[in-house]
Amino acid sequence: MRYAIFLIFSCTVGLPLVSGAQTTLTLPGALHAARNNNPFLKPASLNTAIAQSDVVTARLRPNPVLNNQTLHLTDARQWAPDSRFYNGKNNQYWWQLTKQFQLAGQRKYKQQFAAGNVTVAEKAYADTERGVLTETGNKWLDVWYNKVNLELIVEARQNVDSLVKTQEIRLKNQVISSSELARTQLLLEQYQIEYQNAAQRYRNELQNLKLLTGQTDSLTIDDQDPVTSLEMTQQLDSLVSLSMAKRPDVQQAQATITTAKSNISLQRSLAIPSPELGFIWNPQNTVPYFGIFATIELPFFSRNQGEIKKSRILLQQSEQSLSALQQQVSTEVQATWHTYQVNQQTVEKYKNILPKADNILQSVRYAYTKGGTTIIDFLDAQRTWFDTQKMYYDALYNYRKSYLQLLQVTGLINQL
């Protein structure tokens, strides 16, 4: 009945619930759509590809170097008899082919460091995804909350509207005074204003959810989705341990430490000079010469001391960041777990209160129509019923939001 009333009033006000092509999203469906179509995740996913290109670069070997030097005898009086400018007896040529050799495992450590950065990029993307999924889940809950509140206002308005019509008849029959009719009409007008504002908020939240999920069709949600699909039966200690293993930001911090260690090995290897070796072919005035070429940097002043020191500090910084993050995770899980339990108990209490508020409203309404009570009692019962319903939805919203936050702080939201 409530849903039918909601559809009727939606059509009268022009609320965009039904269109030619419409997507109905459950909470897991919204998360799946955001994972595949969110416009902010797509550019973030390219960071992994960028890091993978560094792996390709690290695998490359130095190119050989070809060097040519040509010397011409410019004084024609010195040329060989009966020869010209381009004659080999009047020229000297130098051809040199060399290649740089990477020692001390420099190429291997470059690849390890680049591969470590790929892992860091992957975990960073997973953490970005966790944030987007959390934002999408919260936005889905905002849409649900505004939708059920809109339905509640519609139901309350329908109740008061039917009473207004009854009051008009009773006023004609001089059963009530005009002030009683005016009070009922005033409450109806309040509900009308509240409905218009709630309808606009609902439309706004739908548009925000549409952006986060990357949908192009008209969008609505499945308000029958239970949301709390996973049973949180673990103890607090096991949840903390689960968070340390599942959260992508923790995994990213651990991968950063591994990469920092690889960087230390790489910087140490780069302290070893890389020799350049090759061959020389040197015809001088048609007299051929052959030789070898070798050059190496003498490590008297620079032995990569600064980069080695920086790599050690970066490792120290990464370890401290992981320790601080682990403390943060433990705090977040404990606070969120306790909030989740309190909200769960609050919802159960309100479930017991709702039938009482319904019974009181029906009893007072019946008594008022029979002349057994005053309009003040009825309006008070109506407001009490409305406030009780709204507080129940507030409690259910907070409960579901704490459940979603629990999925976020444990890292389980990435697995939905």
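Predicted model: local features only at pLDDT ≥ 70, side-chain atom pairs only at ≥ 80, totals over all residues.
**Helix pair.** I looked up helix 8 (residues 305–369) against helix 9 (residues 375–410) and found that their axes come within 7 Å and cross at roughly 160°. The crossing of the two helices is left-handed, and by class the contact of helix 8 with helix 9 has 25 nonpolar, 11 polar and five charged residues.

**Annotated span.** I then turned to residues 181–212, where UniProt, in an unreviewed entry, places the feature "coiled-coil region". In the model I find this span to be 100% helix and 0% strand, with its end C-alpha atoms 47 Å apart.

**Nonpolar core.** I next looked up the largest nonpolar core, which has 76 residues, and noted that Trp-140, Trp-144, Met-232 and Phe-378 touch the most other members. Among the elements that each supply at least two residues of this core are helix 2 (27–37), helix 4 (106–172), helix 5 (178–213) and strand 4 (218–221). Helix 9 gives the largest share of the core, 17 residues.

**Thr-136.** Last, I checked Thr-136, which has its place in helix 4. I recorded Thr-136 as buried because its relative accessibility is 0%, where the cut-off for buried is under 20%. I also noted that the C-alpha atoms of Thr-136 and Ala-33 are separated by 9.5 Å, although the two residues are 103 residues apart along the chain.

Methods:
Residues numbered from 1 in each chain as written. Heavy atoms only, no water. Axes fitted to C-alpha atoms, helices over the stretch in contact; angles between N-to-C directions. Helix = DSSP H or I, 4+ residues; strand = E, 2+ residues; numbered from the N terminus. Left-handed = near helix turned anticlockwise from the far one by under 90°. Nonpolar A, V, L, I, M, F, W, Y, C, P; charged D, E, K, R; others polar. UniProt positions renumbered as here; feature names shortened; annotations may be inferred. Core = buried A, V, L, I, M, F, W, Y, C linked by side-chain atoms within 4.5 Å. Buried < 20%, exposed > 50% of the residue type's maximum accessible area, 1.4 Å probe, protein only.
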